[in-house]
Amino acid sequence: MSAGPNTSGALRHVLGHLLTPLLMCVGMGLAYLGAFHAPEPHDLRVDIVGSGPTTQVLAQTLQDKGAGALDVHTVADRDTAVSALREQRSFGAYVPGTKPELLVASGSSDTSAMAVEKVFTKVAAGQGAPLEVTDVAPTASGDPTGQGVFFLLVALSIGAYASVAVIGGAGAVLPMRIRALLAAGMSLVVSLIGTLFAGPVFHLVDQGLGGVWAMSWLYAAGILAVGVGLHTFLRRWTTLGVMVLFVMLNFTSSGGIYRPELQPGFFGALHAFWNGAGFVEGVRGHVYFDGHGLGGNVLVLALWFLAGVTLVVLAGVTESRRKQASAGQGRAPGMPATTTEAVEEDADVQARAAAEAEAEEEMEEAVAV
């Protein structure tokens, strides 16, 4: 028995929509496994405290054995080493002696601190002495692994890009100015929820909660603005586009799990200007490092937000032109005004029906994600 026209049409419809999850599967696999499957240090800055031939020999030996894994420097004293750690120019400092000490700053990255500790535990063992580890910038008590900020990033991102699916899909029939206001309102709500998680609920940070909220809002607003603006141009592919921008490339380059010194170069390069990295490093600098590097990270977030605002403006202009062109095509020369109004009203009804059907498909894809 051959399949009826309804069955074959439905099958083509399903097969066409299966392309999106397949692309997501490939994209997520390439992004996450490419970024996280084999973390290895490269050019990881560490300092050896001291002067003289012995210190120089130790530094050169580590540099040679590291074969590109470490970037070894010597500093004159412990205070200089601590300053480098607090300014995030270094990720570990070894103080040799009868009681060797390793200085780290886990607030910068717990995984980087662990990688440095692994190296210098072997060095101290070779000298026949136990290693004392001192953390000069420890994380908050509610975030012992230092990865809580990354998972806060995940929560904010999901809230923001899921809102894009609703505003861009179900709200597609609304004027752009209304969708922009909805995006602004949702960014505020999402940021407040994230701030509650960071502070009173899970105590991921123990100071600077106001600054965390401000960066959360700027980050969420940037995602919503970009997503709402892109929807005009990508339509049902918006969910996939937002996933690529703010999940596949964003989470993997944020430095929340591994800093760029432990990742392949592609993700390290993205870390310099992607919005997730701006948020994670901005929060770290604000909370643990007395605001060091905060301005540059806030600038990254602000530029993403401005890019989103630009997209929203362009989308509004594009939709206005499309509407004018559609109205012009539906109006025949010499047609009575009442007939013209009826044609435009019928076209508007059809457009709304098409938008609702498309919105339902987008919401199904968003829920699947």
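**Figure 1. Overview of the predicted chain.** Residues are numbered from 1 along each chain as its sequence is written, and side-chain values use heavy atoms, with hydrogens and water left out. The secondary structure comprises 13 helices and five strands, where helices (H or I, at least four residues) and strands (E, at least two) are DSSP runs numbered from the N terminus. Among contacts (heavy atoms within 4.5 Å) between residues at least 6 apart in sequence, 76% join residues at least 24 apart. The chain exposes about 17900 Å², of which carbon and sulfur atoms supply 66%; accessible areas come from the Shrake-Rupley method with a 1.4 Å probe, and for residues only the protein chains shown count as cover.

**Figure 2. Confidence along the chain.** The mean pLDDT, the predictor's confidence in each residue from 0 to 100, is 88 for the protein chain, and 87% of its residues reach 70 or more. Confidence is highest in helix H11 (residues 275-288), at a mean of 97, and lowest in helix H13 (residues 337-368), at 50. Where pLDDT is low, the predicted coordinates should not be read in detail.

**Figure 3. The largest nonpolar core around Ile48.** A nonpolar core is a set of buried Ala, Val, Leu, Ile, Met, Phe, Trp, Tyr and Cys residues joined through side-chain atoms within 4.5 Å; in the largest one, which holds 83 residues, Ile48, Phe120 and Phe279 touch the most other members. Helix H8 (residues 209-234) contributes the largest share of this core, eleven residues. Leaving aside neighbours within four places in sequence, Ile48 is in contact with residues including Leu58, Leu62, Val72, Val75, Tyr94 and Phe120.

**Figure 4. A nonpolar patch on the surface that includes Val201.** Met186, Val189, Ile193, Leu196, Phe197, Val201 and Phe202 form this patch, with about 590 Å² of accessible area together. Val201 is found in helix H7 (residues 176-201) and counts as partly exposed, at 44% relative accessibility.

**Figure 5. Two loop residues with positive phi.** Ala67, in the loop between helix H3 (53-66) and strand E2 (70-75), has a phi near 50°, a positive value in a residue other than glycine, and is exposed, with a relative accessible area of 70%. Gln88, in the loop between helix H4 (78-86) and strand E3 (93-95), has a positive phi of about 55° although it is not a glycine, but Gln88 is buried, with a relative accessible area of 18%.

Figure 6. Ser106 lies in the loop between strand E4 (101-104) and helix H5 (110-126) and is buried, with a relative accessible area of 8%. Beyond its neighbours within four places in sequence, Ser106 is in contact with Ala113, Asp135, Ala137, Pro138 and Thr139. Ala172, in the loop between helix H6 (148-170) and H7, counts as buried at 18% relative accessibility. The C-alpha atoms of Ala172 and Thr232, 60 residues apart along the chain, are separated by 8.4 Å.

Methods
This is a predicted model: local features need pLDDT of at least 70, side-chain atom pairs count only at pLDDT 80 or more; totals for chains, interfaces and linings use all residues. Buried means under 20% relative accessible area, exposed over 50%, partly exposed in between (1.4 Å probe, protein chains only). Patches are made of residues with over 30% relative accessible area and no salt bridge: like charges are joined within 9 Å, nonpolar side chains (Val, Leu, Ile, Met, Phe, Trp, Tyr) within 5 Å. A salt bridge is a side-chain nitrogen of Lys or Arg within 4 Å of a carboxyl oxygen of Asp or Glu.
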